Amino acid sequence: MYDFVIIGGGILGLATAYRLLQERPGTRLVLIEKEQRLAHHQTGHNSGVIHAGVYYTPGSTKAKLCKQGAERTVRFCEEHGIRYERCGKLIVATDAEETGRLRALEERVIANALDYENISAGQLREIEPNVAGEAALLVHASGIVNYTDICNRLADIIRGSGGEIRLGETLTGIRESNSEIVAETDKGEITARTAIVCAGLQGDRIAMMAGIDIDFRVLPFRGEYYRVAKARGELVKHLIYPVPDPSLPFLGVHLTRIIDGSFTVGPNAMLSLGRETYSGNYPVPKDMADMMSFPGFYKLMASFAAAGLYEMRGSLSKRVYLERCRKYCPSLELGDLEPMEAGIRAQTVSSDGKLVDDFLFLETSRSLHMCNAPSPAATSALPIADEIVARAFRKAN
Ligand SMILES: Cc1cc2nc3c(=O)[nH]c(=O)nc-3n(C[C@H](O)[C@H](O)[C@H](O)COP(=O)(O)OP(=O)(O)OC[C@H]3O[C@@H](n4cnc5c(N)ncnc54)[C@H](O)[C@@H]3O)c2cc1C
């Protein structure tokens, strides 16, 4: 019998396995991942930003874990020779209205105790000659990394510490008794004292499989990107972000440098018709049925109808998408935007149609479920894993 069976080989499942073995060497642990490789879903399809923690309510768990997570991600990269860069983030206001909102955001940056500078239009021209704006905040702690590199290193350490990782094995059922939990998979059964589920886009389904009565669903939101060729990689030196619009659920299209020297524009936020449909937004009957039978879906759509139409226009027309990017980087041309696979966010939505903002943990007596881990959960993975480990040890004791 194992002490722990972990479901999900994204950054949260792996960080949890790593921290369990660090805290209690000798722990008998197996992690199963349904794909043939680690980080196949959200973790391997994200923007690769190490977030500093600008946007979150001061004092909130998200703010705290993001700040700690950014520091620990950088330390982990340094200790393990993983490439990362602290390039800093410029949040750029392009008109007077945005400049007003930028000042409000500055208050939040101060309250979150982040190191930053106010940048005037003239300074912006000096440090980013290809970026247009009236004012900006430069947040120094933001950076970039490839989270798949981190996952692969975590996996090496887990295996080296006696943990087992099984790829291509899918959880299909869960049975629980007073003394053990049985994870039924397409390859057989795994018996453990405790199960930990970090299944991203499938988190609600697995919680229900474990018998938890949930009043939410995971809705998939596509983040569509374009890659800007390496030859144009010198166009921007920092991460270039818009001033967030408080009426919209996601941050808005940004220019993100990537560690290989190119940069991406995006992601937008389109409702996805399938949970794992990376190559195109085509309907998957089971995913559509789950979405359409959930009352929260209609309430959410009603409250974000205008935002949805805005996103759809950008998704359907590359030219419209380009115009949104040119607001910040006017010299971008249509030919600079090369196709790139989309990412799909697992966004938990409650039955009253609200986006669940905080990390959400649910439990049975022998299982722990991470049911909402939106951005910046890749940045915050190590401190989130600490929280999961503390809960798991309480359960196991
Ligand atoms: C477009 C986009 C951009 C983002 N940008 C950033 C960013 O720049 N910075 C940041 O910090 N965060 C970002 N995020 C958020 C971040 O990527 C996620 O919060 C994080 O990757 C969540 O990790 P996870 O391990 O919970 O999920 P995942 O990476 O989705 O992993 C879950 C795993 O569980 C497996 N699984 C599911 N069901 C089963 C089953 N039945 N049996 C076995 N295995 C199963 C899946 O195959 C998957 O590999 C972004 C996300 C997206 C989508």
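1. Alanine 113 is exposed, with a relative accessible area of 52%, where exposed stands for over 50% relative accessible area, buried for under 20% and partly exposed for the range in between, using a 1.4 Å probe and protein chains only. Alanine 113 is not a glycine, yet has a positive phi of about 55 degrees, and its place is the loop between helix 3 (96-111) and strand 6 (116-120). Helices (H or I, at least four residues) and strands (E, at least two) are here DSSP runs, numbered from the N terminus.

2. The model is predicted, so that local features need pLDDT of at least 70 and side-chain atom pairs count only at pLDDT 80 or more, while totals for chains, interfaces and linings use all residues. Residues are numbered from 1 along each chain as its sequence is written, and side-chain values use heavy atoms, with hydrogens and water left out.

3. Alanine 39, also a residue other than glycine, has a positive phi, near 55 degrees, and is found in the loop between strand 2 (29-33) and strand 3 (49-50). Alanine 39 is buried, with a relative accessible area of 2%.

4. As background to these points, most residues other than glycine have a negative phi, and most peptide bonds are trans.

5. The peptide bond from glycine 266 to proline 267 is cis, its omega being near -5 degrees, and proline 267 sits in the loop between strand 17 (263-266) and strand 18 (270-271).

6. A cis peptide bond also runs from serine 375 to proline 376, with omega near 10 degrees; proline 376 belongs to the loop that lies between strand 22 (367-372) and helix 11 (381-396).
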